[in-house]
Every structure is written in C-alpha cells, then in structure tokens.
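Student: I would like to learn how to read the features of a model like this one. Can we go through it step by step?

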Amino acid sequence: MKTASPFLELDNEPRVNVVFDGNALSLPEGANLAAALMAAGVNVFRHTPVSGAPRGPFCMMGACFDCLVEIDGTTKQACMTVVTDGLEITRAHRDGALT
Amino acid sequence: MTRSDLVVVGAGPAGMAAAAQAAELGLSVTVLDEQACAGGQIYRDVDRVVPLRGDILGADYVHGTTLTAALRRAAISHVTGAVVWAIEDAFRISYTREGRGVQIEADRILLATGALERSMPLPGWTLPGVMTAGAGQILLKQSGVLARNAVLVGSGPLLYLIAAQMLRAGTPPKAMIETQSRGDLIGATRHIGGALRGASYLVKGLRMLASIIRAGVPRHTGVTDIAVEGTDKAEAVTFQSGRRSHRITCDTVFLHHGVVPNTQAARSLGVTHSWNTAQQCFVPQLDDWGQSDRAGVFIAGDGAGIGGAKAAEHAGTLAALQIACEAGRLSREERDRRAAAPRAGLAHELAARPFLDAAYPPYAPALLPDDSTPICRCEEVTAGDIRSYAKLGCIGPNQTKAFGRAGMGPCQGRYCGLSVTALLADATGRTPDETGYYRIRPPLKPVTLGELAGMNITAPDTAEKEKAHD
Amino acid sequence: METDYAIIGGGIVGLSVAWGLLRRGRTVTVLDGDDGSFRASRGNFGLVWVQSKGMNQPRYASWSQQSAAIWADFANEVAGNTGQPIPLEQNGGYDLHFSEETLEATVAKYEKLKAQLGGNYPYEVLGHNALRKEEPHIGPKVVGAILHHQDGHANPLKLLKALAADVRRMGGHVLVGKTVTDVSKPDGFHITCADGTIVTSGKVVLSAGLGAAQLGPKMGFKAPVRPQRGQVLITEKLPKMINRPSLIARQVDEGGIQIGATNEEVGLDDKVTQTGLSGLAAEAIAAYPALARAQLVRSWGALRVLSPDGLPIYQQSTEMPGAFLVTCHSGITLAAAHARLLPEWLEGTDAAPDLEVFSEDRFSVS
C-alpha cells in the first residue's frame, strides 16, 4: 500500500498499528491522521451521503469536513485527529452507524 | 464556570500577540484554540517543526517561535484542542474538549479566527487529491508530507511560496498553472507606490519566482478553462493557455486564488460585515483598534480582512491595548504611546496589499462557475441550482439555503457562502451587500448530542411538549 | 384592478392560498418579504400532524384531519406540475412518554376528543416492548407511546420550493423583497410597499405570519398573534434509525435527525441558546440513546405564529370587506386545506368549509 503513495514522508517517527476500513496500516504515532492516511496511500476517505461521490481531505485545517471518518461510532475530522496505537477507523456511517 | 477578563479565540499570530500584550498589562487571558499546538495555520506546530525542517519552511515561518514563546506566560491559559461552538452574549463561550462540553465567561472577546482559502469551484474540484494550497502547506509543516506528483493551480504569492518550499524539499511541482494575466500585472502597477513601501515582500516574491524558473518548473500563465479529470481521484488537470489545450497528469492538485476572512464566529455574534471590492469578500466593520459594532467584541488578524501574518501580529497587539484601556489597566495616553510602533508596523505590512490584490485577482470563472459545477461541497449544490432558485424568487442566501440546502452541511457554508452571494448578486443585479450572507448560528462546529446533553442543567420537561410543532 | 387577489406574505400559508386561487382561475399577486424576514416556513418541524391538536376545540382537530387526509393528493399534484418531489410519509406518528402518569392523562384526553369526533381518532397505545419492535433504537426511559395513525411528516422546504415554482407556473405574480406598509380601500384595495410599489386588487389575503400583528389593525382585524420561539436541532445525515416521527425527533428524508423544540415566550428573539440546545439534546438521547454519538450540525430558532388559544384565525374584515386574515401555527399540516378548501371560503361558494369557530369573534372579550 505504501508504494502506491503519491506522497513523500520526511519524518521517520515510530509507527503504530491502526485499522482503516478493515485494512491494517502502520502509521506514525502522534501524526495527523488525515496526513498519515494519505501518505499511506489512502485516497478516498469516504463517499458522500448525498450522491455517493468519493472524497478525501481538502483543507487540512478543520474547516471543510471532507475528511470525515468514523471512530468509536462518532464521525470525526481525520485532519483534527491524532494517530494512536490500535485506532480503528471506518468510513463514516458506511454500514449503519449508531447501532 | 471559569472566567477571564479576555478570551481569545484562535492561537495564530493575532491571537498570540494579543494574549501576550493583554497579559503583560495585567489582564487574565484564556486562549482557546482547536489545534494541539500554538501557531495557527501560518505557524502550524512551529515549536516542534522548526528543528525538523525550519530550513525548508524559511525564516518567516521560524519567526512564529517568538510568538509562541510569549504565549507561555503565567497569566495566559492556553487551552489546546478546544473547539468553540457557541458564543453567547457578554460573553459565555461554549466549547468541546476531549469529548466534553465546557464553558467559560469573559468580559471581552477577541476573535482571531484567521482566514480560509477562497473557494475555487471548478469542474472536478471535489475529487480526492484536489486540495487547497494551504492544505499542501499544512501537510508539509505539520506532517512533513510532500506531494510527489502535484500541480499548483491558481494565482497569488502563496502559490510561489509552496512551490519554493517543495523545491527545497526535493519534490518540485510538476507544473504551475497560473490564472493571472499580464494585464492584471500591468493594471496593478498603479499600486506600485504602496508595493515599494512594502518592497521586502516583492523582493521575496521575485526571489521565489526566480528559483521556480531556475528549477525548470513549467509555468503556464493567463490560463483559462481549468478542469480536474478523474473518476475516484484526481488524475489530470486540463486547461487552455494561449490558444492551446493542455492536459497534465498528476496525483495531487493544489488550488489557490487568495484567502478570505473566516467570519463565522463574528457573524454568529451579529457583527456587521460589508463587502470589500478589492479583496472580493466580506469583512467585519471595525474601528482602528479592531473593535466591532458589538460591544466587547474585537477582531484581529486575517479574520478582520486579509493582511498576512505580520499584520495580524500588530493588529492583535493594538486590540489588546484598547481592551486593556477599556478595562482600566492603561490610560489613553499610554495606550496611544504603546500603539505607535505596532500601528506603523501594520501600515508597512499593508502597503503592498493593493498591489498584490490587483496583480493576483481571483480566477473569475471560479467566482461565477458554470451551471454544472458544485459550489456547496457538503450538500452537492451546483451553481446552476443557485441560479434556478434566483429565478424562483430567492434574493438572499438564506432563501437558497432553504430551497436547495447549500450551506446546510457540516462546514456551515464556509466554502460556499461567498459563491452563493456572488451568484445571487449576479442573477438579481443587486450588490453583495444587498444580497447578504448566511445567518450563522451555533454550533459553529459540529458537537455531539452527548456532549451537548452533558451540559444540560435542567431535566427534560416532558409536560411542556404538548404543543405540536409543525 | 390589476389582480383579483393580493396575498400579503409568500410563506407556506400565502403560497398555499395563492395556489388554490390560481387553480380556480383567479389572478393572484403575492407580496413576499426579504431574505432576513422571520419565516416560520423555513424554521418549522415539518410534521403533518393530527394528535394533540384541538383538545379543547374538536373543529380544529377535524380541520387538521381534513387537511392531513388530502395532503398526499395535494403534494402529488404540485410535484407532478413542477417535477419537484415533495417527500411525505403518513404512516403514523408518536407521542412518546417517560411516565405512565402522563401517558394515561393524555389517553384520557384523547378518549374525550375521540367521542366528540364521532370515533374518528385512530390511535393506539404502545407499551415499551411493543414500541421497541417498531423503533429498535428507543431507550429504556420511554415507558410507551401513543401511535396516531393519521400523523406523518413531510419535507417542508421542498413543499415551499415546489409551491414557489408552481404558483409562478400557473401565472401567479410574486413580488419579492417587499415590506407592505399600508393597505387602504378607496374602491378596490391599494397595497403600498416600503419601496413605493403599489398593488391594486379586488380582494386581499393577509397571510404575513407575525407581520399580521402590525398590518392587521390597519385592515380592521384584531390579529392577536404573538411569537413563540422554538429551537430546533438537526444532526449529520445518518443511516435509517427512526421509523416514525414524534414530537421529540424525526428522521428527515435526507437522513438527518431533527430534534425539537422549545416553547419560549421571548418576543421577536429567534436566537438559539446553549441551554435550549442542551435540554433538547438530553431529551432526544433519553428517547433514542444512540443519538448521544451523533454530531449536531445545525440548529436554529424559529418563531411560531400563535393566537391566544393556539388555533388558526380565518376572518373577513368587517371594516374592509374583501380583506381576509389567514393565520395559523400549523402551516404545514394545514397547507392542503389552505390550497384545496380555503379558496371556497374566500370565494364565498356553497362548498365553503365551516370556519365559524376560527373567526376573531372568539377574542371579543379581552
């Protein structure tokens, strides 16, 4: 997955294991989750509830809400979330959240 | 509930400078900021990042460490990770932090909420891989993440800055697709007097441009008909330059055609805004201390009108002087004496603005996009939808919001508001001021119902629910 | 006369009436306000609702029932004319209860009303377990619900937009950005606007919501309407989790959970407050605990248009015959009645509905 990344990472932080949409990923601990997912080759973060169009991070500053992911049953902005060990991330409300 | 003489919203240059000045003059100050570290977007994560890549980011970025140092003062409570979602009268501020709702009271409030990238709706702009140039900068600053195969699209100094930084990091952009024309530059020369007073900016700009040209990055200027192609992600940018059609494949597109004030919090407080024609955006009406027409509400930095980081720093200091004066901590004479230096600094910083605004105007087709282009990313409302609502009698953005949901999504209209105003003004023949803007209400940022309910002090009164509400 | 009818107020009430008159072949000019006007038409909760209405006046209950019964047909006609769908569900709605006492007290009142309505009041009481079968997300604090089968909900904004389109399609003139300052009747009606516009008409309908309080007395009406604030919340779009609407929450067709509403006597203040939002959030979570994790994306305050007894007012002016006051709290529920039935009353035909109890005579002792 890493080799497909369109991004270069300058830093070499220790990595932790997270799960995104069922796939195990190794991301830099303490990193910005949106940046780390993109660097790991994730393009599509979610599909919109209106048309199902694919979306990824756009503003990286908490303003646009395009990088929404779901963590512990709550939608969160990936660009405002820090990578921690064992984080389980799903695509927002894909399989019916709040159950 | 805690209480401060002054609550500052935003820990960018304006907020940091204001907090430091107010605390120095004896006020208790709380700074609420969404990020984990002080700096705002311009000095994002500056304390941690300078040792890692200060050389790539440059001296202007490194300067931010002087502001963060001043923020670490005993009388300043800097609350990180605080998402402000409501500011109620005189003043009770509600925010969430680590999943809990919190409130703080303040006598006065300084909004230092900075800027947003001017929305640049063009075909394909919602595809993954298309980001703002500011997002590209944040990726580099905070995360050390660089796009390997990117094109920069739009106009303005930030485009050259990010290109120069990408060069220094060893990942030059694949191309610069620039929308400003030679005519814009010639027209801008009537502002050259001001620009020369702010000459250091021009020198820096020319130096960056020279490095981009020297590195052989292809530049296309006066570009039109820009579109991003792709199915699940951006794959190429197409455009016209001269009489030729171009197509450049890429993985990442950074868009930029200026920044605009983030006015959400100010508008939620009912501060009067007016249209600034030179900057093509709404700005809050303020006196020269940053005081708004709502008592106790001050605004400084790019949120008050675009001036850049150094200007924000001076404006923050000036606002803090007036706040201290009002609070009885400073005589008027002393206030004015201390204001002389920041006021001169502010004038110097703003001198080059008219030239820059004229030389790098917004990309006109993105101000009034084609019918099929989505302008509201959240609710996927197109420019054509807004035009059709105008035909159904909508004369303001709150009417089109009701008709077609533009501005109803989680971003609260941050990225479609100016587009809707512009489209309606164009359709009705009225001015942007007459057309108006969204009524901004809490929550300024989404908050979970659980967080809200956790702040509930009264039990639900079910007996009151007898009246139907339809 | 340039138009048969001038309609002052281009919200749901005014547009419904205009639509009905146009359909009868009348010429109509609608005078609508501006972007910042108080507009219950864009702030309402979107229920097409029968239960709890008219507990002290059975005619109000039956008027609501009449409208609910023809709502789907009305909406289909407007949607068919314009190609703009108006989402509507009329599969019943709940009054949720957190205590047996309030549930029993409400049932007692419904039984009395049911007898007055000749038995036409189809409701049933669901205990917690029965309710949970219908609504899997219901919380343990909800002891039960009254399920009324004539209740439902609609998308009020899509109704507003479709009506705006259809009124124009049928040749209605809609003047926007108008503030009516005076109405006089030298021969026909002269309606004067703040910007100097003058409209002349044979008849005039005052359907200006709270604006009727100022204009009404100039036209011979008492127009005793007052604002009552309702704060409303809506969450992010969520997968289907609430089947039927209730007075506490409903899931709108776009996916968001709409939560309402406060009842506050605060004059013309339509702000939202943290205390209002928190109270509503707490109640919604008590009803549907899973909502605790949902993100609130928007909230608003809107002003109900209330008469002293909460009932609509339908009154022809005695000072200015040909001027009619039409005002109500439930503009969505009553939209179909206003479009299909009220024009008969305005025109004075034999088919006019009996609206005697809704006249202003009831406010004569004050």
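**Helix H3 of chain C**

Tutor: Start with helix length. The 25 residues of helix H3 (residues 58-82) of chain C should span 36 Å at 1.5 Å a residue, and the end C-alpha atoms are 35 Å apart, so the two values agree. The expected span is 1.5 Å times one less than the number of residues. Helices (H or I, at least four residues) and strands (E, at least two) are DSSP runs, numbered from the N terminus.

Student: What should I know about the source of these values?

Tutor: This is a predicted model: local features need pLDDT of at least 70, side-chain atom pairs count only at pLDDT 80 or more, and totals for chains, interfaces and linings use all residues. Residues are numbered from 1 along each chain as its sequence is written, chains are lettered from A and ligands numbered from 1 in the order in which they are written, and side-chain values use heavy atoms, leaving out hydrogens and water.

Student: Where is the kink in H3(C) centred?

Tutor: A bend is the angle between axes fitted to the seven residues ending at a residue and the seven starting there. In H3(C) there is a kink of about 45°, centred on C:Trp71. Just after H3(C), C:Gly83 has a positive phi of about 75°.

Student: How do I read the interface between chain C and chain B?

Tutor: Begin with contacts, meaning heavy atoms within 4.5 Å. Here 65 residues of chain C are in contact with 47 residues of chain B. Next comes buried area: the accessible area (1.4 Å probe) that two parts lose on being put together, summed over both. For chain C and chain B this is about 4,600 Å², with 56% from carbon and sulfur atoms. On the chain C side, C:Asp35, C:Gln274 and C:Arg298 lose the most area to chain B, together 15% of what that side buries.

Student: How many salt bridges are there between chain C and chain B?

Tutor: A salt bridge is a side-chain nitrogen of Lys or Arg within 4 Å of a carboxyl oxygen of Asp or Glu. The count between chain C and chain B is five. The side chains of C:Asp270 and B:Arg441 form a salt bridge at 3.4 Å, N to O.

Student: Which element gives the largest share of the side of chain C that touches chain B?

Tutor: H8(C) does, with ten residues. By class, that side of chain C has 27 nonpolar, 21 polar and 17 charged residues. Ala, Val, Leu, Ile, Met, Phe, Trp, Tyr, Cys and Pro count as nonpolar, Asp, Glu, Lys and Arg as charged, and the others, Gly among them, as polar.

Student: Which residues does C:Glu254 touch?

Tutor: Leaving out residues up to four places away in sequence, C:Glu254 touches B:Arg405, C:Asn155, C:Lys158 and C:Lys237. C:Glu254 sits in the loop between strand E14 (249-251) and E15 of chain C.
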